[in-house]
Structure formats: structure tokens, C-alpha cells
Amino acid sequence: MRPRMAHLLVSLALAAGCLLAVAGVSAARAQVGATSAKVATPRPTLSARLPATAAAQARPLLAVTVRDAPRGARVLVQERTRGRWRAAGDDDGARVRGDRRLTLRWRGLRSRDAVQLRIALLDRRDRTLDATDSRTVLLRSDEPLVLAADALRLHSLGADRWDVWTCGAVAGGDAAAAAEVLEERVAPFYAWLSNGRYEQRFRARGALDGDDLSACASEAARASAGRDGALIVQQLDRISAGADACLGDATRLDPCAGQPTVLPGNERIAWLGPGQLFGADAHISTVVHELGHTLGWPHSFTGRLRIEREGAEVGVEYDDPLDVMGYERLWGTGGWDDPGAGTFTPKATQAFNRIAAGWVPDTATTVHDRPSATYSVGPLDGDGLQVVIVPTADARAFLTLEVRVQRPFDPLPGEGVVVHAIDQRPAACDPDEEAVGCWGDQLRASPAPNTPESLDSLVTVGEQVDVAGVRIAVGGRVGDRFTVTVDGARARFEPLKPTLCLYVPDACVGGLQGPL
């Protein structure tokens, strides 16, 4: 073999060996990489939705989802201040590990017009593992007076279509007779109360096959598919009603978005007995009351009245004498010892329920915004200003001032300015404050002052009342319009106690509701 050729073959052999060695190393590395991939620790992540706007004094709750957080990690709200991210929650954040959903409270804008906000996941050495994109949160200039307003107005504007059924044997009338009473005595009341913005339509359907209440409810929901609600009359005198099931979701401000709003999915069913509908002493105000619940209206009560019944002390959830969602009887008739006694003639509901239903024009409502001001206020069926809102530092809680004068559908014991306290703050319905707000039948409404078994919340001409840090004086009257002066820029009251506290005072810090 020639020397040059031998040298060439040797060179080729060495090159081939090097290639094989490189390939072996690469394969080994690939195998090691594959092994490493099998045991690699997942990257910690978090996700959260930050608000675009916030109320001036609100302290929003922010929902956060964490995945694969290591031991010792924590999640906290941060604001960007002077180029650095700093903690902005009520504390140093929440400790997390693994997968978890939690809620953090942000301290809010307070006196600022805007702030740059994010939520961060930190390890035990305060190194950032993950963070949301930052967002500039602006001061909300148009505070919503009504939380979850879209959900509360699903059926309150325009036609509300009801099917009427009977369940089992019913004394006094059938479904047709019940529908006739509803059309003649209830629908006109709501047409007046809403100034024609709401129309109830009752269609008699007949008798359901069974006599078991649960079976009747299921059958009515199916047979009334596509209708807004079903009203069932039964002999057992079950008296109850509910709004759309989606209103029960207090974790978001749009609880009914994407949810069914007609039967069977909305579960909107009212139960009445023959005593509410038939006969000369029919309890029509109870019918009005229960159908108010189907619009998301809560009970109105002082939270301070407990009575003895059958040897035990119980709370009374119906002691507002000026709201059909409170005391259903006319003032001065009946008594707590006999709930069925008295005159059950309908009266109007308080202003906030009408606002929540969309029945009060924006031009008929004003928000008190100065140390002292005088207003000319008229009744719900008149022109001009109807409601004065006296705010607190939190837009979700306030006083309402409205004029009530005697009408066929509002036979009150007097005429003047009626004051109520409205509380949509989470603490008013959820002692643990896990809700984002209170609405529907969980909202707290109370006469103000909240003196049990009194007409103190009705302020007549020449009278004044001090309540929740403001003074309300009624100076005069021209026709049905009253002159009202409010002294004090803002009302102040602690969150009204949830309904639970009325029935089980020991379950709540401080027990029963105190005076406003």
C-alpha cells in the first residue's frame, strides 16, 4: 500500500472513531436529559383576575389560583411604588403549598386615583416564582348603587310569565280561580308599584298529578318549561318563594351570566296556600310578599326583636311596619302571638327594592354629597325626585329617604319621609366575609332608626330624627311633596348583622343587632 494511501486510511479511521464517540456522548446526554425530565419539579404558577376599577373606600377581595407551590411559598398583593413592588394587602400574604384556591384582600385605592397592582407568588426567600401581569386600577367614578343589578332585573322589567298549578286537593278553588285572584288583586298592585314597568301574567294550567310537594315542584318545572316561574297552590299551607337559583352565587357580581333564566333551570317557584288566595279574609299581602322574593327582595327587619313562643325565645324577621317585605299586616292589627291574625292588605315596599328592580328613573334619585342640603321629595307615583341616598364611606351601604303618602295600595298609618338602612357589604350576609357582596334575599334592609315595634323610621312634618350619624328633618309639605333637610355629609353604621344573628345571637360577635 502506498504511504499516502495508508496515511489517509488511518485518518479516516480516527475520524470515524471520533464521530462514534461524539454520538455516544450525545446519546448518553439525551438519556440523562430524558431521565431528568421525568423527575423535574413542575414550575409554580398562579392566576388571578384583577379589577379594572375600584371604589374609593372599598377593600376588594381578589380570587387567586396557585399550582405546584413549593413548601414555604406565599401569595400576596403588591403595588408598584417608586419603581418597586411592595406588599399591599391586610397582612404579609397567605402561605400556600401545592395546588390551592384562595382569596386575598387588597387594601384598596383609599385616597388615590389609580394604582399599579399585581399578585405575586414568592418562595421562602422572597424570590418571585410567578406573578400576574400588572394592571392599573382606576378610581371608579360611577359607583353602582345596586350590586348584581342585571341579575336582579331578569324578570322585573316587562312581562313576567307565570304558570299557576294546584298540588293535591285544595279547598276553596282550583288553578283557574287562583289565577283569577292573582290577575285581579296582585297584578294591579305591582303595576302601580312599578309605574307600569312590570307586568305579571298568570296562566292557569290545572292540577299536578301528585300530592307530594317535591314531586309537584319537579313536575311543574318540567311542564312549565320556558316560562319565567311556576306558582303552586297546596293545602299544606307551605308559604315560600325563591328568585332565580343563580342569585344564590355570591362569589361574583354577575351571578346569572350564562345561567338559565327560565324554567326548569332557574328553579323559580312560589308556594301558596288557599288561605292566602281564597275567601273574604285572604292574605293578599302575603302573596305580594312571596312574589317579592321571586324578584330577589329580602326581608326588612330591625334585627333587634325576639319574642317568646312555645316556651322558647325566637327572632322576628318581619318587624318593619312600613315594608310589605317586613310586617305583612297593617300596623296596629294582629300580634306576634297569632301570626294569622290581622289585616293582610298590601302596602308598598321600601325604595331600594324598587331601585333594584329598575323601577325608579335615574333622574328620580340623588346622592347626598355635602355637609348639609335640603331636598324636595315626592312619592313613587309622582314626578321629580323620589329618593335621596345618604352614602357611607363604602358605596355598598347607605340610607334611603323616600316619601310615602296614603294610597289605595299603600294604606300607611301616617304620611311623611321613611328612612331605611341598606347594607350590601359581605359582613351583612356572611359572617366569614367570603362573599363579594350581599344581594337578593341575603341583602340586609332595616328601618332606620331600628327601634323594634315602632314607627320611628316614619318622619312626619315638623319632626327630625338622628340616625347613623346624620340628622334628617322634615320641614314642610306642599301637596304630596315634602321638604327634607339632611345634616351630615355621610352616614356611619357598622355592617348590619346577618339574619343568623337574629335567631342564634351566640353565633355572632356582639350578639343581636345594635341600634342605628
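The model is predicted, and local features need pLDDT of at least 70, side-chain atom pairs count only at pLDDT 80 or more, while totals for chains, interfaces and linings use all residues. Residues are numbered from 1 along each chain as its sequence is written, and side-chain values use heavy atoms, with hydrogens and water left out.

Next I looked up the strands (DSSP runs of E, at least two residues, numbered from the N terminus, as are helices, which are H or I runs of at least four residues). Strand β24 (residues 470–478) runs antiparallel to β25 (residues 481–487), and seven bridges join them; two strands pair if DSSP finds at least two bridges between them. I then found that both belong to an open sheet of four strands in the order β17-β25-β24-β23, with antiparallel pairing. Its edge strands, β17 (372–377) and β23 (464–467), each pair on one side only.

Then I turned to the aromatic rings.

Rings of Phe, Tyr and Trp (its six-membered ring) pair if their centres lie within 6.5 Å, and planes under 30 degrees apart count as stacked, over 60 as edge-to-face and the rest as tilted. By this rule I noted 12 aromatic pairs. W297 lies in the loop between α6 (284–293) and β14 (306–309), and W359 in the loop between α7 (351–356) and β16 (365–367), so the pair ties together parts that are 62 residues apart in sequence.
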